[in-house]
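Subject: Structure handover

Hello,

Here is the structure I promised you. Please open it next to this email and follow along.

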Amino acid sequence: MITSFIPGRIRFRSPIFQDSDIYSAVFPIIKNLREITSFSYNQKTGSLLVQYDPEKIPVEKLKPLMPLAERMKPILLFYSDRDKPAVLKAVGEVRNFLEQQSLLK
């Protein structure tokens, strides 16, 4: 779930980020986003803070991800290990989208 958002700074907090397999799938994507200026991760709280250049990644460019985010919302709120395949599939969809938008290095 996005718990805080202002252009240039977004915080995600979810039990999925406490799962090391999922974080291991997400980390390379974040690390390779072109306009990320910094990010921090806290496995204990399941929190991920990403800072980026808002002029180079406008919100409008990310809007196509909204249907996926809505579909994943229940899993993000109430994650359990049985949801791991669905989450990893969604991570792959996000990676593919970002590659198509040329947002990855």
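A polar contact is a pair of N or O atoms within 3.5 Å. Within protein, one atom must be able to donate a hydrogen and the other to accept it. Keep that in mind for the serines below. Also note that this is a predicted model.

**Ser-38**

Start in strand S3, which covers residues 36-42 and holds Ser-38. The side chains of Ser-38 and Gln-51 are joined by a polar contact of 2.7 Å. That is within the 3.5 Å limit. Leaving out residues up to four places away in sequence, Ser-38 touches Leu-49, Val-50 and Gln-51. Is Ser-38 buried or partly exposed? Its relative accessible area is 32%, so Ser-38 counts as partly exposed. Now look back to the start of the chain. Met-1 is 37 residues from Ser-38 along the chain, and their C-alpha atoms are separated by 19 Å.

**Ser-47**

Next, go to strand S4, where you will find Ser-47. Which side chain makes a polar contact with the side chain of Ser-47? The partner is Arg-11, at 2.7 Å. Ser-47 has a relative accessible area of 5%, so this serine is buried. The cut-off for buried is under 20%.

**Ile-22**

Move to helix H1, the place of Ile-22. Ile-22 counts as buried because its relative accessibility is 0%. What does Ile-22 touch, not counting residues up to four places away in sequence? The list is Ile-16, Tyr-79, Lys-84, Val-87 and Leu-88. Val-91 is 69 residues away from Ile-22 along the chain. Even so, the C-alpha atoms of Ile-22 and Val-91 are separated by 8.3 Å.

**The nonpolar core**

The largest nonpolar core has 27 residues. The members that touch the most other members are Ile-16, Val-26, Leu-48, Met-72, Val-87 and Leu-98. H1, S4, H3 and H4 each give two or more residues to this core. Take Met-72 and look at its contacts. Not counting residues up to four places away in sequence, Met-72 touches Ala-86, Val-87 and Ala-90.

**The largest pocket**

The largest pocket has a volume of about 1,100 Å³. Its lining has 32 residues. Nearest the centre lie Ile-2, Ile-10, Phe-12, Leu-65 and Val-94. Strands S1 (2-6), S2 (9-13) and S4 (47-52) are among the elements that supply at least two lining residues each. Helices H1 (20-31), H2 (59-62), H3 (66-77) and H4 (84-100) also supply at least two each.

**Ser-102**

Finish in the segment after H4, where Ser-102 lies. Most residues other than glycine have a negative phi. Ser-102 is not a glycine, yet its phi is positive, at about 55 degrees. Its relative accessible area is 49%, so Ser-102 is partly exposed. The cut-off for exposed is over 50%.

Best wishes

Note on methods. Residues are numbered from 1 along each chain as its sequence is written. This is a predicted model: local features need pLDDT of at least 70, side-chain atom pairs count only at pLDDT 80 or more; totals for chains, interfaces and linings use all residues. Side-chain values use heavy atoms; hydrogens and water are left out. On a 1 Å grid over the protein atoms alone, a cavity is a set of points where a 1.4 Å probe fits but cannot get out, and a pocket is an open set with protein on both sides within 12 Å along at least five of seven lines; lining residues have an atom within 4 Å of a point. Grid points are joined across faces, edges and corners, and a volume is the space filled by probe spheres set on the points. Helices (H or I, at least four residues) and strands (E, at least two) are DSSP runs, numbered from the N terminus. Buried means under 20% relative accessible area, exposed over 50%, partly exposed in between (1.4 Å probe, protein chains only). A nonpolar core is a set of buried Ala, Val, Leu, Ile, Met, Phe, Trp, Tyr and Cys residues joined through side-chain atoms within 4.5 Å. Contact means heavy atoms within 4.5 Å.
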